[in-house]
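Good morning, colleagues. Please look at the sequence and the model as they come up on the screen.

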Amino acid sequence: MNASDDERGPPSSDFSEDLGERLDNAPADERVYRTALELNTPTRVVEVAERADCSKNSARRHLRRLADIGVLRRVTENPETFERNESYFEWRRLNRLSELDDDEYRNRLGELLSEDEAYRDTYDVEKPNKIDPLEYGEYGDAETVWLDLNNWAAIRREIRDLRRSRRDNPVDEGVA
């Protein structure tokens with residue numbers, strides 16, 4: 001029996017090859033969009049064109065369109081540079097969270113609040129940033145503590161975002 005015969009094993013096809021082929025065959029606007037999602041710093045049109053494997057004019061046209069709809073921000077005009085508009089992505093995230101039905105919302109919020117409380121009990125502080133990195137060793141393996149604290153911070157962000165999506169007041173209740 002090989003891994004592909006096992007229903008729980010990895011798929012028989014190579015995901016990275018499939019993804020690479022799909023990207024190679026994607027139209028220029030899709031390649032520019034995927035590249036644009038990675039623009040965390042102001043990036044020139046020529047660099048986007050190289051990364052998206054298209055002409056500068058095509059990259060510029062698609063980047064401007066993405067800036068017009070709010071996905072990107074035009075940072076400079078000469079040379080023209082663009083970066084991700086984080087406000088847009090935050091809005092999309094909150095919009096998706098607002099579409100949860102009431103049961104999904106309550107269940108997810110309850111799970112997150114329980115996890116937050118468990119971390120507070122484990123580390124005996126109200127917030128993950130209350131633990132000095134130099135003290136991680138006091139709580140066990142420093143790397144495990146670091147991972148826990150990052151997960152805890154992510155949980156607290158999701159609690160706030162869930163509440164913001166429903167305009168619950170206060171958004172930090174139960175999350176000191």
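This is a predicted model: local features need pLDDT of at least 70, side-chain atom pairs count only at pLDDT 80 or more; totals for chains, interfaces and linings use all residues.

Strands S1 and S3 run antiparallel and are joined by two bridges; strands here are DSSP E runs of at least two residues, helices are H or I runs of at least four, and both are numbered from the N terminus. In this pairing, Arg44 stands opposite Thr81 of S3. The open sheet has three strands, in the order S1-S3-S2, with antiparallel pairing, where two strands pair if DSSP finds at least two bridges between them. Strand S1 (43-44) and strand S2 (72-77) are the edge strands, each pairing on one side only.

Residues are numbered from 1 along each chain as its sequence is written, and side-chain values use heavy atoms, leaving out hydrogens and water.

Let us turn to one residue of the sheet. Glu83 is found in strand S3 (residues 80-84). Is Glu83 buried or exposed? Glu83 counts as buried because its relative accessibility is 14%; buried means under 20% relative accessible area, exposed over 50%, and partly exposed in between, with a 1.4 Å probe and protein chains only. Leaving aside residues up to four places away in sequence, Glu83 touches Leu39, Asn40, Thr41, Pro42, Leu72, Arg73 and Val75, contact being heavy atoms within 4.5 Å.

Finally, the helices. H6 passes H7 in a left-handed crossing, meaning that the near helix is turned anticlockwise from the far one by less than a right angle.
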